[in-house]
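Here is my note on this structure, point by point. Please read it with the model open beside you.

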Amino acid sequence: MKHRITLIPGDGIGPEVTAAARRCIEATGVKIEWEEAIAGEVALEKTGNLLPKQTLESIKKNKVALKGPIITPIGEGFRSVNVALRQALDLYACVRPAKSYNGVKSFYKDIDLVVIRENTEDLYAGIEFERGKPETKRLIKEIKMLTEKRIRADSGISLKLISEFASRRIIKFAFEYAIRDKRKKLTAVHKANIMKFTDGLFLKTAREVAKEYEGKIIFEEIIVDNLAMQLVKAPRNFDVLVLPNLYGDIISDLCAGLIGGLGIAPGANIGDEIAVFEAVHGAAPKYKGSNRVNPSAMILSGVLMLRFIKEDRAADKLENALKQVIAEGKSVTYDLKDDRNDPSAVGTQEMAEAIITKIK
Ligand code: NAD
């Protein structure tokens, strides 16, 4: 079967790493018709719009996209094109596996974690009040009347929103993901001891949903600061984590650190019907066009995409080829060498080439 997939090269190093990933995916033999679309700085230059309607339409039509990192220029009306894209397509689940690969420098071995982050609300809902603005003063007055709590007049305010609806949806998603991925344990992460009405609601909902999965998978809960410490001390005690938006953002970077960094951290943003696959790293503008950066995170995002479209054999072939190249440590980019100045480091496209030669 031929798949139609939207390909967004993105900004900075995006075009290089997506080109490498595309070549590797095609080398598995899977039939894909790519539909290229633009977003971010490139789109702004070409169309005057950071997130053109055609791009959203293409993803809505094809249901699956592979996306490079995007730059949101400051003062262009968008807080973040990425957040806008996730909200427009209701991609409510951010899935970030953190898996050790032999050959990658790291303090830890044999890590195999999955971070599932709620993507639509919490402190990232974008409802903010700027210091000194009339509406901020009004809100401060209103809060004083309602709660008798005093907020300093020179405060900025960001609202933390957690709904039962979004919590239930992400926790169910996490349980279903964990079962499909043959995992043993799901841990819900919170700070409900302090934020009783937001994280408290998330936790209460998690406990309710967990009852539906009793006997199928182990359910645990943990306070986020304790989790940060435990992950550094004993990461193998965890399996799948489900978190509200802000904690998910921070903890997924911590987990990327456990496996050796952003160069090998893939991700997916998934909704009920649509999924957009992208590396955790950003556009690294200083490396733009240098053919130096590591394509692995983007290639592994492609592996997640292949599994999503039920091309598991192709996904296995590609992941195994990548594993071999990283383990051999010869045809790898500078960041995977012991010494970052090692002259034997290869370029982005050369590493992709080495992976392609190993695909069987
Ligand atoms: P970044 O991830 O782009 O870069 C940080 C550093 O990480 C780089 O300087 C580089 O040393 C390293 N790095 C990143 N990717 C690498 C790779 N593939 N191989 C080797 N090293 C790599 O983070 P940043 O500097 O905070 O952000 C740069 C831009 O990217 C910003 O405009 C930001 O908004 C955007 N961004 C986009 C996304 C996205 O589209 N999903 C995510 C994060 C950041």
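**Notes on the predicted model**

1. D199 forms a salt bridge with K160, and their closest N and O atoms are 2.8 Å apart. A salt bridge here is a side-chain nitrogen of Lys or Arg within 4 Å of a carboxyl oxygen of Asp or Glu. D199 lies in helix α7 (residues 199-212) and K160 in the loop between β7 (157-158) and α6 (164-180), so the pair ties together parts that are 39 residues apart in sequence. Helices (H or I, at least four residues) and strands (E, at least two) are DSSP runs, numbered from the N terminus. D199 counts as buried, at 0% relative accessibility. K160 counts as buried too, at 19%. Buried means under 20% relative accessible area, exposed over 50%, and partly exposed in between (1.4 Å probe, protein chains only).

2. A word on the basis. This is a predicted model: local features need pLDDT of at least 70, side-chain atom pairs count only at pLDDT 80 or more, and totals for chains, interfaces and linings use all residues. Residues are numbered from 1 along each chain as its sequence is written, and side-chain values use heavy atoms, with hydrogens and water left out.

3. How many salt bridges are there by this rule? The count comes to 29. In general, side chains of opposite charge can pair when their charged atoms come close. One of the salt bridges joins K63 and E273, at 3.5 Å from N to O. This pair links distant parts of the chain, 210 residues apart. K63 sits in the loop between α3 (53-62) and β3 (64-67). E273 sits in the loop between β11 (266-270) and β12 (275-279). K63 is partly exposed, at 32% relative accessibility. E273 is exposed, at 55%.

4. Now a pair inside one helix. The side chains of R168 and E164 meet in a salt bridge, 2.8 Å from N to O. R168 and E164 are four residues apart in helix α6, so about one helical turn separates them. R168 is partly exposed, with 24% relative accessibility. E164 is also partly exposed, with 38%. Elsewhere, salt bridges link K99, R307, D312, D316 and E319 in a network.

5. Look next at strand β10 (residues 240-243). Which way do its side chains point? V240 and V242 point one way, L241 and L243 the other. All four are buried. As a general rule, the side chains of a regular strand alternate between the two faces of the sheet.

6. Strand β10 has neighbours to trace. Strand β5 (residues 112-118) pairs with β10 in the parallel sense, over four bridges. Two strands pair if DSSP finds at least two bridges between them. L241 in β10 is the bridge partner of V115. Strand β8 (residues 185-190) also runs parallel to β10, joined by three bridges. There, the bridge partner of A188 is V242.

7. Turn to the ligand. Of the 20 residues around the ligand, I70, N82, G282, A283 and A284 come nearest. A residue is near a molecule or strand if one of its heavy atoms lies within 4 Å of it. By class, this shell has twelve nonpolar, four polar and four charged residues. Ala, Val, Leu, Ile, Met, Phe, Trp, Tyr, Cys and Pro count as nonpolar, Asp, Glu, Lys and Arg as charged, and the others, Gly among them, as polar.

8. Check the ligand's oxygen atoms. For G282, a backbone N or O atom lies 2.7 Å from an oxygen atom of the ligand. For A284, a backbone N or O atom likewise lies 2.7 Å from a ligand oxygen atom. The protein covers 66% of the 810 Å² of accessible area that the ligand has on its own. These areas come from the Shrake-Rupley method with a 1.4 Å probe; for residues, only the protein chains shown count as cover.

9. Two backbone angles deserve a look. A284 has a positive phi of about 30° although it is not a glycine. A284 is in the loop between β12 and α10 (296-308), and is partly exposed at 29% relative accessible area. K182, another residue other than glycine, has a positive phi near 55°. K182 is in the loop between α6 and β8, and is exposed at 73% relative accessibility.

Conventions. Polar contact = N/O pair within 3.5 Å; in protein donor to acceptor, adjacent residues only side chain to side chain.
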